[in-house]
Amino acid sequence: MTAAMLAAQTRAEALRIVRSPFFLIFSIGMPLAFYFLFAALNGSDTVIESTVYGAYSLMSMTAFSLVGTAVSQFGIRLAYERRDGWVRTLRLTPLSPSAWVGSKIAAHLVMHLAILLLLFASGGLVYDLNLSIGVWISSGLWLWIGSVPFLALGALLGTMRHADAAIAVGNVLHLGMSVLGGLWMPLSVMPKWMQMVGQWLPTHRYAHGAWNLLAGSPPSAADWMILAGFGAVCMLLSVYILNRREAI
């Protein structure tokens, strides 16, 4: 019964995401537009960090899309559902809060995989990227699994009391960490102080792991540690805030 409810709720959440115009614009349309724009301006065949710009930027924009989806479609949506009393309504149904959250995470992971396949196919077909099957799979898996810590960031945003404020905070975090993390343009062309800050951001480490895989190297220890630590801190804070709110 629980498995059936979980599957039904996951399917409903996935349909809600697909039908959202914000998802189509900001998770699909904008990253694709930025990808083709940046690749055209810089030259898709330009060599950068032991690969070509067409592949390098594809990893950057896929990371940009998945981080944005986790922040907006998961985090901001969660804040609005809490504000609108959906969580209280949920307690009147047989669906447990854990199954509800689990279904949302499962639906987002499915959508992240769909985004990844769509963007990879678009970049690969348009620019005829000469990557081995192993590189496609390993970089795709890294970006897919590495999106989990950003779902934890979304869960933390979802604890905000003021849903409208969650939009502002979420957008600032998404755009700020994307630009400073080198997802829009390589850190090497940025001012020194931005490079010093950007190299420690989880968004940079997220894309850096994929860039390493393109160049034939595994993600670095710093990539793993910063992403895992970032996700753990966000999750612990969101659980603490929710428990404290329940106790009041």
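G54 lies in helix α3, where helices are DSSP runs of H or I with at least four residues, strands are runs of E with at least two, and both are numbered from the N terminus. The structure is a predicted model, in which local features need pLDDT of at least 70 and side-chain atom pairs count only at pLDDT 80 or more, while totals for chains, interfaces and linings use all residues. Residues are numbered from 1 along each chain as its sequence is written, and side-chain values use heavy atoms, with hydrogens and water left out.

With a relative accessible area of 0%, G54 is buried; buried means under 20% relative accessible area, exposed means over 50%, and partly exposed covers the range in between, with a 1.4 Å probe and protein chains only. Leaving aside neighbours within four places in sequence, G54 is in contact with Y35, S44 and L129, a contact being heavy atoms within 4.5 Å. The C-alpha atoms of G54 and S44 are 4.1 Å apart in space, although the two residues are ten apart in sequence.

## Overall fold and dimensions

The chain has eleven helices and two strands, and along the sequence these elements follow the pattern α-α-β-β-α-α-α-α-α-α-α-α-α. For 248 residues, a compact globule would have a radius of gyration near 18 Å, and the value of 18 Å for the chain agrees with this; the radius is taken over C-alpha atoms, and the globule rule is 2.2 Å times the number of residues to the power 0.38. Taken along the principal axes, the C-alpha atoms fill a box of roughly 60 × 40 × 30 Å.

Buried residues make up 49% of the 248 residues, and among contacts with a separation of 6 or more, 73% join residues 24 or more positions apart. The chain exposes about 12,100 Å², of which carbon and sulfur atoms supply 72%; accessible areas come from the Shrake-Rupley method with a 1.4 Å probe, and for residues only the protein chains shown count as cover.

## The nonpolar core

In the largest nonpolar core, which has 58 residues, L143, F150 and Y206 touch the most other members. Helix α3 (residues 53-83) gives the largest share of this core, with 14 residues. A nonpolar core is a set of buried Ala, Val, Leu, Ile, Met, Phe, Trp, Tyr and Cys residues joined through side-chain atoms within 4.5 Å. Not counting residues up to four places away in sequence, L143 touches M59, T62, A63, L66, L116, F120, Y206 and A210.

## Salt bridges

A search of the whole structure finds six salt bridges, each being a side-chain nitrogen of Lys or Arg within 4 Å of a carboxyl oxygen of Asp or Glu. E13, R16, R77, E81 and K104 are linked in a network of such bridges.

Another salt bridge joins D223 to R205, the closest N and O atoms being 3.1 Å apart. This pair links distant parts of the chain, with D223 in helix α11 (residues 221-247) and R205 in helix α10 (residues 202-214), 18 residues apart. D223 is buried, with a relative accessible area of 0%, and R205 counts as buried at 10%.

## Loops and surface

E49 has a positive phi of about 45 degrees although it is not a glycine. E49 is found in the loop between β1 (47-48) and β2 (51-52) and is partly exposed, with a relative accessible area of 47%. D128, also a residue other than glycine, has a positive phi near 50 degrees. D128 is found in the loop between α5 (97-127) and α6 (133-145), and a relative accessible area of 65% makes D128 exposed.

F22, L24, I25 and F26 make a nonpolar surface patch of about 410 Å². Patches are made of residues with over 30% relative accessible area and no salt bridge, like charges being joined within 9 Å and nonpolar side chains (Val, Leu, Ile, Met, Phe, Trp, Tyr) within 5 Å. I25 has its place in helix α2 (residues 21-42) and counts as partly exposed at 47% relative accessibility.
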